[in-house]
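The stops below are given in the order in which to select them.

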Amino acid sequence: MGLKQKLESGGFAVTTEMAPPKGTDFKRFKECALAVKGMVDAVNVTDFQSAVVRASSLGAAAILVEEGLEPVMQITGRDRNRIAIQGELLSASALGIKNVLALTGDHPSFGDNPQAKGVFEMDSVNILQVARTLMGGKDLAGNDLAGTPDFYLGASVTPVYDPMELQLLKMKKKIQVGARFFQTQAVFDIELFKKFITAMGDIDAKILVGVIPLKSPGMANYMNKNVPGIFVPDEIIERLRKSQDRVKEGLKIAAEFINEVRQQKLCDGIHIMAIGAEENVPALLEMCDLDSAA
Amino acid sequence: MVITQPKPFSEILQFLEGKKNIFITGCSLCATSCMTGGEKEILAMEQKLLEEGKQVTGYAVLDPSCNKLQARATLKKQKQVLDSSDAILCMACGDGAQTVAGLVNVPVYPANDTMFIGEVERIGHFSEACRACGQCELGWTAGICPITRCAKSLLNGPCGGSRNGKCEVNPENDCAWVLIYKRLKELNELDQFMEIKSPKDYSKASNPRRVTVGK
Ligand code: SF4
Ligand code: SF4
């Protein structure tokens with residue numbers, strides 16, 4: 001079953017995320033992907049995450065298809081104008097990539113080539129818009145396509161955001177132009193997540209809550225300070241500080257969170273972002289109470 | 001107004017290497033307000049050039065430097081001095097420097113970096129609010145420009161990065177989209193926000209542009 005079928009039939013989906021390598025060596029990328037094969041419904045491939053030069057998400061997603069995994073290709077508007085975005089989407093479809101997640105993209109000033117010119121000709125809403133236009137057999141200028149792509153479209157949302165109403169209004173716009181599923185920024189506080197779900201009201205979309213397994217109290221503090229939309233509560237930082245094996249404790253905390261959202265039926269799935277520790281994802285999934293994805 | 005900043009003097013000296021007799025032009029409008037090309041700054045520049053062993057053959061505050069007819073008339077009066085000069089150092093914006101360069105037969109060098117179209121908040125404080133995109137969006141954004149004041153020029157609302165109403169790219173700046181949202185809400189016009197904005201027509205900003213006012 002693919003991601004779309006899983007979500008649209010009311011199942012609980014599991015996705016995880018991997019960054020393409022900086023260089024041409026895909027060995028670790030493939031190993032980590034193969035290790036979660038059968039355990040997840042799809043694997044996100046990040047698109048020059050944090051504005052860092054790497055292999056592209058299109059290339060890495062195509063490699064996942066080759067390895068028999070289902071990718072979610074992330075695509076941002078930072079580095080491409082409308083011509084490049086349309087071309088990339090057409091290529092993706094031809095290479096067997098079905099899921100696309102549209103993002104605005106981090107500003108180049110955060111990356112490792114901060115001199116770069118940010119393009120930002122299209123925002124996340126525009127990328128969804130153009131994907132849908134292509135699915136209708138035309139390009140953005142109204143020209144006919146020979147062969148039409150078919151995508152399952154997703155976007156992101158930040159559950160901890162002030163003002164919340166603004167985040168929800170933008171979410172509605174994304175749905176209006178075709179987003180069916182949302183992967184959220186990482187959440188650590190279940191009460192805050194519940195607040196978000198309540199605030200969503202009758203907004204109709206599939207929600208995969210973001211989960212980051214913490215590796216240390218330092219990582220939690222860093223994210224609290226520097227990553228917008230992330231809030232790690234003190235109790236969690238304290239638990240990590242006291243534990244003998246912090247990585248394991250971090251996985252345990254993540255697993256408890258996952259089991260909780262699942263049991264309380266708060267959302268439609270989870271999205272695990274291991275940020276550099278992808279090899280821990282199988283162990284985390286084994287600690288969770290999930291049906292096998294296969 | 002066009003906001004300028006002085007180039008580092010070392011960069012100016014590099015331009016002027018091997019040139020002895022320098023004529024300086026300034027500008028009566030923007031560069032005077034920016035304190036980069038008024039009479040005061042011209043005289044200070046003259047002093048610095050003299051210290052470097054250059055000769056300053058003369059100067060003129062063009063009124064303004066971007067007005068071709070005005071600049072031509074003023075420079076015409078200085079023809080003899082200009083003919084004896086090896087270079088002109090232009091203390092205006094990039095437009096003013098090009099206007100001058102098109103009128104003379106000596107090399108023209110910019111003394112300033114041209115920064116942006118900006119607003120004078122108070123003396124010496126300038127901020128960018130318009131990027132001259134060619135099709136003004138202010139009509140539906142409560143008078144706050146998302147093209148310029150959002151670091152990513154987003155058209156359909158904020159990225160996920162704003163924190164406490166500040167922009168992720170530079171926390172000293174307000175997030176333009178939080179400002180727009182709050183203002184639209186105050187004005188009871190949030191439905192403007194909900195409209196899907198298609199990507200902008202950038203052919204309207206394809207340079208160089210030209211405007212001719214019809215008779
Ligand atoms: S939308 Fe912004 S950049 Fe464009 S003309 Fe209006 S104020 Fe200037
Ligand atoms: S934080 Fe606000 S102003 Fe800054 S890039 Fe994001 S939307 Fe634009």
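Helices (H or I, at least four residues) and strands (E, at least two) are DSSP runs, numbered from the N terminus. This is a predicted model, in which local features need pLDDT of at least 70 and side-chain atom pairs count only at pLDDT 80 or more, while totals for chains, interfaces and linings use all residues. Residues are numbered from 1 along each chain as its sequence is written, chains are lettered from A and ligands numbered from 1 in the order in which they are written, and side-chain values use heavy atoms, with hydrogens and water left out.

**Chain A**

Select Pro163(A), in the loop between strand 5 (152–157) and helix 6 (164–176).

Go on to Ile275(A), which sits in the loop between strand 8 (269–273) and helix 11 (281–287) of chain A. Its phi is positive, about 35°, although Ile275(A) is not a glycine. Most residues other than glycine have a negative phi, and most peptide bonds are trans. With a relative accessible area of 41%, Ile275(A) is partly exposed (buried means under 20% relative accessible area, exposed over 50%, partly exposed in between; 1.4 Å probe, protein chains only).

**Chain B**

Met35(B) also has a positive phi, near 60°. Look for Met35(B) in the loop between helix 2 (30–33) and helix 3 (39–51) of chain B.

Next select Thr4(B), in strand 1 (residues 2–6) of chain B. Thr4(B) counts as buried because its relative accessibility is 3%. Its side chain makes a polar contact of 2.7 Å with that of Thr36(B) (a pair of N or O atoms within 3.5 Å; within protein, one must be able to donate a hydrogen and the other to accept it, and residues adjacent in sequence count only if both atoms are side-chain atoms).

Then find Pro208(B), in the segment after helix 9 (190–194) of chain B. A cis peptide bond, with omega about 0°, joins Asn207(B) to Pro208(B).

**Between the chains**

Show both chains. In contact (heavy atoms within 4.5 Å) are 29 residues of chain B and 33 residues of chain A. Which three residues supply more of the area that chain B buries against chain A than any other three? They are Arg163(B), Ile196(B) and Pro199(B), with 24% of that area. Buried area is the accessible area (1.4 Å probe) that two parts lose on being put together, summed over both. For chain B and chain A the figure is about 2,600 Å², 58% of it on carbon and sulfur atoms.
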